[in-house]
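Morning, everyone. I have one model to walk through today.

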Amino acid sequence: MRKKWLPLVLMALLTLVLAACTASKDAGKDDTSKDGGKKEEKVLRLNNGVEPSSFDPSVAFDAVSWAPLNNLMEGLVRLNDKNEPEPAMAEKIDVSDDGLTYTFTLRDNAKWSNGDNVTAGDFVYGWKHMLDPKTASPAAFLAYVIDGAESYNTGKGKPEDIAIEAKDDKTFVVKLNAPTEAFLNIVSNPSFFPVNEKVATENPKWFTEADSFVANGPFKLESWDHDSKMVFAKNDQYWDKDTVKLDKVEWAMVNDSSTEYQMYQSDELDISTVPSELAEQLKDNKELTNQDQAGIAFYRFNVDKKPFTNQKVRKAFAMAVDQQNIVDYVTKQGQKAAHGFVSYGLTNAKGEDFREVTGDLITFNKEEAKKLLKEGLKEEGWSKIPAVTLTYSTSPDNKKIAEALQSQFKENLGVDIKLKNVEPAVFMTEQKELKHQLSRSSFLFDYADPVNAIESFVTDSTMNRTAWSNKEFDKLIADSKKETDNEKRWKMLQDAEKILIDEAPIVPLYFYNQLALQKPSVTGVVRHPVGYLELKWADKK
């Protein structure tokens, strides 16, 4: 009897072993296909470069925070694949005849990743947190179109004076101080995302770790190994979850474009930036994508620190910069040299491009730069120029540009400058505190209007970071926000930009583009020229 059953027992054990091997092989493939078999998870692998500055929507105000945060959270509207704002958390938007009052009706199925309902109160809480002077949000100025917002943010008003109200859990009402055509574009910015009031009240640091973070967007934060890696998972509480095709998004944090490219080549990444030294070699690569981005790389002069207290000295340094040389031989990413501050692609009602109409306001001119430097030194009574230190946030690409500028100032002005690199988080804090003399900077448009960029330099703006102030400039910006005649308003903004470039608290370098390598298996990734990386419609075969 025992001998007869032994082969059967051995066959059963063999079956169990084979089943275990199959289970091990298919680990992680937990989705079932239509035919009942297993299908592999769709995981998109990206590189964020560095650790996000913050996932507090009110504080996150840079590309390394926006790109991931825009896919974890969602505001009243979301930019669609045509770069237009469309209803998101709000399913209905009503605007009063005078253009001052917006009434947003939230979706019944608008949920947080923990199952809580997204309420109008969450928007009130989040927006007031942004405007609270204690938060020191760099984005607060965007909300100044709301009645009472600026007064509260500048310490002159009360939070209850801000004209935002939760009529009930699903009705959010906003009153503006003037009709603002770009308002829906403005509130697509991550700074206007809601904040779960219940969660934030219980844990003010809810946004710092994966286990406490609550999302209301296409994805949720599954894990966060700081300064190393983030993993997003599809948010099953998201109102439009059926549109989301990816199961996960893995974000590396590799702050070196050459290493990033190597990871792309070895299939560790699905999308990669292009190292400047390989740009020429890869320009005909079929996996290369090149799209416009509304933004600019530039340098800030601190007008409170010598020698940049003198306008002619600032202008001399600005005219000693050969922007075309930098984009052709340093960055080599196909960018356009910047001869003004406002990017290409912003048009008025007539379809006229602001940059094209305004023209070049600053160009490389070695002889004029030398002449201005000599005049500036004479005005100040300086026998030689005070020492200059150029500060930049640590990265290989920033270092290359800084070294190029150092060389240009030596060759074109005969001035030796020192270079100093600072870690990104410390760099930003020091720049805001006006500790730098000449420092690297960038601006990405928050919405499609020239004023968004130019108004950064009004007196005492948190975005100014130069100590520069000009009453005529301030008045032009203020008047442009009240002007309803589009042609007159356009002229005001052009005049303001001309003052900015002539006074030279900044020197433009180049306008941003979005040059990337993308695997053929990846589709549906949207890169908004004025906006953010969008993965809601992304797919991977």
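**Rings, helices and one buried glutamate**

Start with a charge over a ring: arginine 107 sits over the face of tryptophan 239, 3.6 Å from the ring centre. There is another case. Lysine 519 lies over the face of tyrosine 264, and here the distance to the ring centre is 3.9 Å.

A word on confidence. This is a predicted model. The average pLDDT for the protein is 91, and 93% of the residues score at least 70. Residues 1-32 are another matter: their pLDDT is below 50. Beyond near neighbours in sequence, that stretch has 13 contacts in the model.

Now the aromatics. How many aromatic pairs are there? The count is 28. Take tryptophan 127 and phenylalanine 192. They pair edge-to-face, with 5.1 Å centre to centre and 85 degrees between the planes. Tryptophan 127 is in helix α3, while phenylalanine 192 is in the loop between α5 and α6.

Next pair: phenylalanine 298 and phenylalanine 457. This one is edge-to-face too, at 6.3 Å centre to centre and 75 degrees between the planes. Phenylalanine 298 belongs to strand β14, and phenylalanine 457 to the loop between α15 and α16, so the pair ties together parts 159 residues apart in sequence. Phenylalanine 298 and phenylalanine 457 are buried.

Back to tryptophan 127 for a moment. Tryptophan 127 belongs to an aromatic cluster with Tyr102, Phe104, Phe123, Phe172, Phe183 and Phe192.

That takes us to helix α3, residues 120-131. From first C-alpha to last, α3 reaches 17 Å, close to the 16 Å expected for its 12 residues. How many of its 12 residues are buried? Nine of them, so α3 is mostly covered. Among the buried ones are Phe123, Trp127, Met130 and Leu131. Asp122 is also on the buried list. What do these buried residues pack against? Strands β7, β8 and β9, plus helices α4 and α6.

Now turn to helix α12, residues 366-380. At 1.5 Å a residue, its 15 residues should span 21 Å, and the end C-alpha atoms are 21 Å apart, which agrees. The buried residues of α12 are Ala369, Leu372, Leu373, Gly376 and Leu377. Why say they line one face? Because, looking down the axis of α12, they fall within an arc of 135 degrees. That buried set packs against α9 and α13. Turn to the face pointing away from the buried side, and you find the exposed residues Glu367, Lys374, Lys378 and Glu379. After α12 comes glycine 381, with a positive phi near 75 degrees.

Last stop, glutamate 455. Glutamate 455 is in the loop between α15 and α16. Why does glutamate 455 count as buried? Because its relative accessibility is 5%, and the cut-off for buried is under 20%. Leaving out residues up to four places away in sequence, glutamate 455 touches Phe141, Tyr447, Ser461, Ile477 and Lys481. Its C-alpha is 9.2 Å from that of leucine 493, which sits 38 residues away along the chain.

That is my tour. Over to you.

Note on methods. Residues are numbered from 1 along each chain as its sequence is written. This is a predicted model: local features need pLDDT of at least 70, side-chain atom pairs count only at pLDDT 80 or more; totals for chains, interfaces and linings use all residues. Side-chain values use heavy atoms; hydrogens and water are left out. Helices (H or I, at least four residues) and strands (E, at least two) are DSSP runs, numbered from the N terminus. The expected span of a helix is 1.5 Å times one less than its number of residues. Buried means under 20% relative accessible area, exposed over 50%, partly exposed in between (1.4 Å probe, protein chains only). The arc is that of the directions from the helix axis to the C-beta atoms. Contact means heavy atoms within 4.5 Å. pLDDT is the predictor's confidence in each residue, from 0 to 100. Rings of Phe, Tyr and Trp (its six-membered ring) pair if their centres lie within 6.5 Å; planes under 30 degrees apart count as stacked, over 60 as edge-to-face and the rest as tilted. A charge sits over a ring if NZ of Lys or CZ of Arg is within 6 Å of the ring centre and within 35 degrees of the ring normal.
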